[in-house]
Amino acid sequence: MHPRRLAATTLAAMTFITAPLAAEELRFTLWTGNDAHLAIFNEIAKGFTETHPDVTVSFESIPAADYTQKLTFQLAGGNPPDLGWMFEDVIPGFVEAGVVEDLRPALEAAEGYELEDFSEPAMALWSEKDAIHGVPFSTSPFMIYYNKDMFDAAGLETPPELAGKGEWDMEKFREVAMALAEANSGKWGFEFKDGQGYDSRILHAIMPAIRVYGGYAWRDGDCGFDEPEAVEAITQLHDMVFKDKSIVPPGEQGDFFSGNSAMTVNQISRASLLADADFEWGIAPLPTGPAGASPIIGQAGIVVFSQSKKQELAQEFVAYMTNPENSELMAEFFPPARHSVLQSDTFVAANELIPSEQMAYVGKAIEEGHVLPSHPRYAQIYAAMKPRMDALWRADADVQTSLEAVCTAIEDQL
Amino acid sequence: MELTIRQAAIVKKLCWTLALSVVAVPFLFPFLWMISSAFKNANEIFGQPSLIPDVWRWRNFVEVFEYQPFARQYFNSIYIAVLVTGLTLILSSLAGYALARMRFAGAGLLMLFLLSALMVPEEVTIVPNFFLMKWLGAMDTHIPLVLLPVFGPHGVMATFLMRQYFVSLPKELEEAGKMDGLSRLGVWWKIALPMSRPALAAVAIITFLFSWNLFLEPLVFLSSIENFTLPLALSNFTDPYGSPLWHLQLAATSLAVVPILIVYLIAQRQIIESFAMSGVKG
Amino acid sequence: MTGHVRTGTTAPRAPWLTLRRREMFEGWLFVSPTLIGFLIFFLGPLIAIVIYSLSEWNLLSQQMTYIGTANYQDALTQNPDFWHVIRNSVIFAAGLVPLNMTLALALALALCRPGRGVVFFRTAFFAPVVTSAVAWAIVWKFLLQGEAGAVNQMLATVGINGPNWLREPDWAMVAVIATRVLKMVGLNMILYIAALQSIPRDYEDAARLEGAGNWQIFRMVTWPLLAPSTLIIMVITTIGSFKVFDHIYLMTGGGPENGTLVLAFYIYEQAFEFFNVGYASALAMIMFAIVLVLALVQIMLRQKGSA
Amino acid sequence: MSSLKLRNVTKTFGKTKVIHGIDLDVLEGEFVVFVGPSGCGKSTLLRMIAGLEDISGGELWIGGRQVNEVQAARRGVAMVFQSYALYPHLTVRQNMGFGLKVRKEKPDSIARKVDEAAMTLQLEKLLDRYPRELSGGQRQRVAIGRAIVGDPKVFLFDEPLSNLDAELRVHMRAEIASLHRRLENTMIYVTHDQIEAMTLADRIVVLRDGRIEQVGNPKELYAHPDNIFVAQFIGSPKMNICSADAFAPELTRAGIPMEGVAQIGLRPEHLRIVPDGGLIKGQVALSEYTGGGSLLHVEMEGAGRFLVLSEGQEGPQPGDEVQLDFDTANLHRFDAEGRSLQAAREPVPA
């Protein structure tokens, strides 16, 4: 037999034999079950199959409330996904436990990937020395969402208008919130992120205010909650909740997305929830404070789990998913940390729900923003912090004392 | 004015009924509220409370099935509960019978041994069982949801209840069966079991409810949404960011609760009699 | 012996499988499925916990290091949370058990005799028992909201300014106890009804003829006769109150301010949220010990009382 | 040939020995009654024969086969239980045919045998009823019917009449007796009621504390009890026993040898009230009118109370002094251990 034909036959035979193996499935755990989001992911997965015809990527949605836990059960329970979406708050813990892979070699090997395009601060959380533990595909700043109808009803200028005049600061925010609550009986001026500001999203609720007042959560093992700046910031929020009664208080539901609050803070991925909203709405930057503007960024990255048996393939998929083209595709909901994308025209036009001038706020915030605080022992810190934060959110609480208690509780963990 | 004994009895009865009605409010109101809210939209749920929705929103019940594989999850709960109930009935009555009737060395010790299991909460053994199930490759399957209730403290409780009932049965019937040529297994199946219907019914009900309402085990062992059971599914009606979708959650909760309530209403006399007649009273 | 046998039939040697052996063999055969399952899924894990509890073990990284009794020392002497949790568990049990049992007995006494309306009320009080804990918690969580909650709105109509139930530690404990009692009291009511119905009516009639009033009959006749049932119900309820997990998980998540952080939930949190398997196992052993001691004490007290 | 044979049969529960080496031969077709006070081991012995209790020691033979380790159902015995043990979830027909069905007999053969038995016991009309729909007597008959159907070599009855009222008991007793005559099977019958024993038995086995006190036919036991226990157990009202010293002079005078006699016994029905010249005398303490006569409780000087049957309507009144006489042949003499000192006697044939 001719050597070439032999080789061809062997190859064919091998293909035949390995065919069932080659029809591989990558399991990708996601935090979102939103159809619009999934549509984009599936499109990317489809693109991947052009070069890897036998590979299917199955996206597995896990509800946000249990995400980290369920993921842990899967990893510890010997049923690991190949890839997963991971938040800024827990990635240090996963890195410390050594359950995620270094992606650098794969990313560097990928053609046209342009690793250097990623903004340095955005990558800080995800890399350690030379290793890259995850690719932050979503670097999404916190924005103010506002209900224009309610602003109109109260005869108030909207946040973008105020921001345009340079008047959109914490004091104005308080004023507006109170006026909105008064003008819209039974509704609220402001709702913390996803209405979970007193539960799972304490940091999301307080960090914007703390940062613009010039404070911090923790830094080099030092707790910043009881510093004067933080105390001042939280005192304002506390007053808004309990004195002005303009922020949805603990134990109440005042959902922005169903029209019960005039404002909230959220990321642009939530815009998809407003596709069918029966009110007019818009987004605006966070109010500034005594320390100027300090946008807050929430990050999510893609990681490959060490337990995955399809390392190579999974890493290839990460490289594909976060390459410049796909980053642009995802930018509608998940702003990337790539300079090239953020500065492109396609980015500001990416989200059909959000006008491009408002998208510009987003790009600006990403460039200037800081990621939320994180820590390898975040779960423990959170658990230690939570009860003391509960104490803070009582009408008769003394903010200073409560925050000192928070610091005492978490100092060991820091 | 003097009341006759008869009138006094009526007044007394009225007072009792009134008092009981007041006590019943916190038991029944949640159901009414749940069912009425199941027909509301999210906004109305948060609005002024009223038991009659402004607009009856039947769509909630459709959306429940669109949001997650609710029918599948419903089926999971049913088949697991049926399986657990069946297995528990067989195993607990077998073991309960042996402990009540058969003389074998170590029976007393075994009984004591089993009883100690009643003291151990599932929370205590869940961690090692997690690794056991991992080792068995049973993560994210329904295997632990069947095996753990059957063999855990609940199974022991069922065994104990069955034993108590068997002890109270007249022995002579079984001896007659033995004289008639039945094997031990035959006596158990053809005589002891048919005579234990109340106890079996009581154990079946407790077991079914136990499995139906199981929460910790599904929470720990299940990860795929298609494998969820109802309790887990109910707490999973959240938007992609973890906030509860109240109208769907309540519609789904109604769907999960109402059929059981109806079955209970139909069979309540038998259920209560079963409890009364079985050894549940100890 | 053979002298008696003149009929020519042979005396068979006693077979190995004598009737007694056979019974023993069958007995073990009958219990074997339960026993094997018990050993694998219960005793084995229990032993495993003892071993885990002596080590430091991270669920995520799965590294196990032997550290002796450090976990126990940590819980008992270092960690202030532990005693707080124990305190909460005790408060929960101390609130729930008497409330549940008193209400159960009162309802049972009111409903133990057939009559019109009895079926309706029995059904009403038992309905929450057949309802899943998740459903019950979801609904009550909603009803107990601060100002918009139905409970506070009802209280407002009679001029009471209700607390923000689930956001204030003490009230949250009250709320979880109360809603748990509402959920479970029906079961104990039925158990009590069963017990009451098994008391021959003659006793009550005899007491009545001797001139005893309702309360006296209850004190002198019914209550003492109920003692064995009361013991069983009390043991079951107490153990159940220490095991409460889903209710807390769904209603308050242990909060606010750890005000409802009870032992079962704390174990879960340590094991599956902080991945501290070793520490969680030590807590589990402590929980086992507490429940065992409680059950034994109750049984012993009762025996002493009746002796 | 003997139908049933017990050789040194013993039973121990834990460390307690409840049956002490029983030896007994039961003949083919014989009606044997085990009688004794409660706790004497008679039921245990019966259950050992049935195979419901295992045999701790000795040998049990049924129909020429050693059955110590043979299962109950294969011993060829049938049992009628005190509580009848009818399966509540089965009809009379199903109850009666149950054993045959278990033994895999053909349905038509089962039906035939059930019908036959039902006819024998006049149960035809009750066949489709459930046990709860039957009266006590009917249940009793069904229980017997169930035993008959299997055509056993040996019938075992465990106090079968004790749950019936007095009248029905007499009636059923007669029915069982006639059944035995008809079927001619070996029957072993346990009762604590000596009247049942006397009326039914070919042979009575008196048991006490797991030992046989005496075996014999009713007349023999009545006339010649081996010891005080049997003497007092058989016969109603029971035999008067008193210390021999009380009447030694009178009896010796009457020519009865009193050497070695510790106690004497006299049955109430053997005592006659005589106007004078009676051997012994006493004072009437109580008179119980029984219709045909009276049962007198007579206080004997130095010998406690005697029961005396007095016939006729006009008996002595309480407080009356009475003189009592009896046939010396009816006097029972016992030694210090309570054993009978009766002259050697011919055994009464079964």
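In this predicted model, B:Trp56 sits in the loop of chain B that runs between helix H2 (42-46) and helix H3 (59-67). Its relative accessible area is 46%, and B:Trp56 is therefore classed as partly exposed, since that class lies between 20% and 50%.

Within helix H5 of chain B, residues 107-117, the buried positions are B:Ala107, B:Leu110, B:Met111, B:Leu114 and B:Ala117. Viewed down the axis of H5(B), these buried residues fall within an arc of 105°, so they line one face of the helix. B:Gly108, B:Leu109 and B:Leu112, on the other side of H5(B), are exposed.

The account now turns to charged side chains. Over all chains, a search of the whole structure finds 40 salt bridges. One of them is formed by the side chains of B:Arg184 and C:Glu23, with an N to O distance of 3.1 Å. B:Arg184 lies in helix H10 of chain B (residues 184-195) and C:Glu23 in helix H1 of chain C (residues 19-52), so this pair joins two chains. Both B:Arg184 and C:Glu23 are buried.

In chain D, a salt bridge connects D:Glu175 with D:Arg141, and the closest N and O atoms are 3.6 Å apart. D:Glu175 is part of helix H5 of chain D (residues 166-183), while D:Arg141 is part of helix H4 of chain D (residues 136-149), so the pair ties together parts that are 34 residues apart in sequence. D:Arg141 has a relative accessibility of 14% and therefore counts as buried, the limit being under 20%.

A further salt bridge in chain D is made by the side chains of D:Arg208 and D:Glu213, at 3.4 Å from N to O. With a relative accessible area of 35%, D:Arg208 is partly exposed. Salt bridges also link B:Glu175, D:Lys11, D:Arg47, D:Glu53 and D:Asp54 in a network.

A:Glu116 counts as exposed because its relative accessibility is 65%, where over 50% is required.

Helix H6 of chain A is also where A:Glu120 is found. This residue has 67% relative accessibility and so counts as exposed. Although A:Glu120 and A:His339 are 219 residues apart along the chain, their C-alpha atoms are separated by 10.0 Å.

Note on methods:
Residues numbered from 1 in each chain as written. Chains lettered and ligands numbered in written order. Predicted model: local features only at pLDDT ≥ 70, side-chain atom pairs only at ≥ 80, totals over all residues. Heavy atoms only, no water. Buried < 20%, exposed > 50% of the residue type's maximum accessible area, 1.4 Å probe, protein only. Helix = DSSP H or I, 4+ residues; strand = E, 2+ residues; numbered from the N terminus. Arc of directions from axis to C-beta. Salt bridge = Lys/Arg side-chain N within 4 Å of Asp/Glu carboxyl O.
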